[in-house]
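Hello,

Here is the structure I promised to send over. Please have a look, and then read my notes below.

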Amino acid sequence: MLSAAGNVMHADSALVLRAQANDRAAFNEIVLRYKGRIFNYIYRTIRHAADAEDLTQETFVRAYQSIRSFQVRASLNTWLFRIATNLCIDYVRKQKTHVPAESLSCAADESEQDAQRDIPDAALDPQRLLIDKELTHRVEAALEQLPEKLRTALLLYDVEGLSYEEIAAVLECPLGTVKSRIFHARAALRDRLAPYLNGMG
Amino acid sequence: MAMHLFRDPQHTGCLRAQERLSEYVDNRLSARQAWEVERHLAACPACAQMARELRTTVALVRDLPRYDTGEDFMARLHARLDGVEPTGAQPRPMGLLAQRWRWLWPERLRMALRPASGLGIAAGVILTLWAMPHLLRENGNRSMSPVGTSAVTPEALHYSVALAASDPFEDPAAANLAAHAVLKSVQEESDAKKAH
């Protein structure tokens, strides 16, 4: 019996096979299936909505260009996140050469928070309204202050739901490194959030 | 930045438990490891507090609002894709049987067997290289042995003559009978030699 992940992979493979044979409708389906996750991941990594949308577009343009070289037995999920991660790395490098480093790491910057509030299509789950908005901002600020490598691993694992093995493939690093980065990222977040966590959980 | 959870690094029990807390929260520990962590948490309020905070932190991160692309994303993307062609040759379509086979073989198993198949090939090459001189030597001994030649040739000759004399197409048992005749004659020859 195939697992749920296996079923998703099977469905992805069928779409990839069609896309490799110049079926644009199949590629469209791939984009619709993954664009939300890729955008959310890129946006949470670079914290700039317009650029995140451009990088998401670029992710799918690159995927389309090289779809024929994609091995069907590989994971489409992993492949797309790897393209997105490489684009984010290039983007952050370019930003660092043009923008002073302090402004990039200034998580509590009010303008950044305003920009985040203006993001279109933010999920408006009624249950989410119950969560303390201030605490959400604290979590986002703490996340933003994490070193890039730790944040990437944490986003892929806790936000995008990739497995340790998939993250190791995306980041092209050993499984032990992935575990270590997730552990340290969570520990650092907990340290930062500890004053606000009393009475929760 | 404080990069770890440890409040009391001197305490080895705390260190051991805290190193595993992240995986404990994810239920990734073995039953024994989880039991060890739980046993420690039951006895150590500081670590138990840390575990609660870590669990809450993870829940908060997982519960962060998700964002999606703008409404014109697909239109913009298709406009870009119109000017782009996939590069590389179109892969040959996979047959139905090959597709079924691929899903019968889980990816993990295939990955696990990949190094094993490499080892198998390497072992085969080594075995061939090792065995080649032995095989050559064996063949050489046989072809050069006068004993073997004299012993084998008359038997083979007897057999082929007897087989030719019979007609296996008419009687399938003829070849067996011919072989039996050869064996009998060889036995008689051997007995005669012993008598001499």
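**What I found**

B:Arg52 sits in helix H3 of chain B; helices here are DSSP runs of H or I with at least four residues, numbered from the N terminus. This is a predicted model, where local features need pLDDT of at least 70 and side-chain atom pairs count only at pLDDT 80 or more, while totals for chains, interfaces and linings use all residues. Residues are numbered from 1 along each chain as its sequence is written, chains are lettered from A and ligands numbered from 1 in the order in which they are written, and side-chain values use heavy atoms, leaving out hydrogens and water.

B:Arg52 is partly exposed, at 41% relative accessible area (buried is under 20%, exposed over 50%, partly exposed in between, with a 1.4 Å probe and protein chains only). Its C-alpha atom lies 9.9 Å from that of B:Leu21, 31 residues away along the chain.

B:Leu21 is one of the buried residues of H1(B). Among the elements covering those buried residues are H9 and H10 of chain A, and H2 and H3 of chain B. H1(B) also has a kink of about 35°, centred on B:Glu19 (the angle between axes fitted to the seven residues ending there and the seven starting there). Just after H1(B), B:Asn27 has a positive phi of about 60°.

Over in chain A, A:Glu160 belongs to the loop between H8 and H9. A:Glu160 is buried, with a relative accessible area of 6%. Its touching residues (heavy atoms within 4.5 Å) include A:Arg37, A:Tyr41 and B:Arg66.

Best wishes

Conventions. Helices (H or I, at least four residues) and strands (E, at least two) are DSSP runs, numbered from the N terminus. Lists of a residue's contacts leave out its neighbours within four places in sequence.
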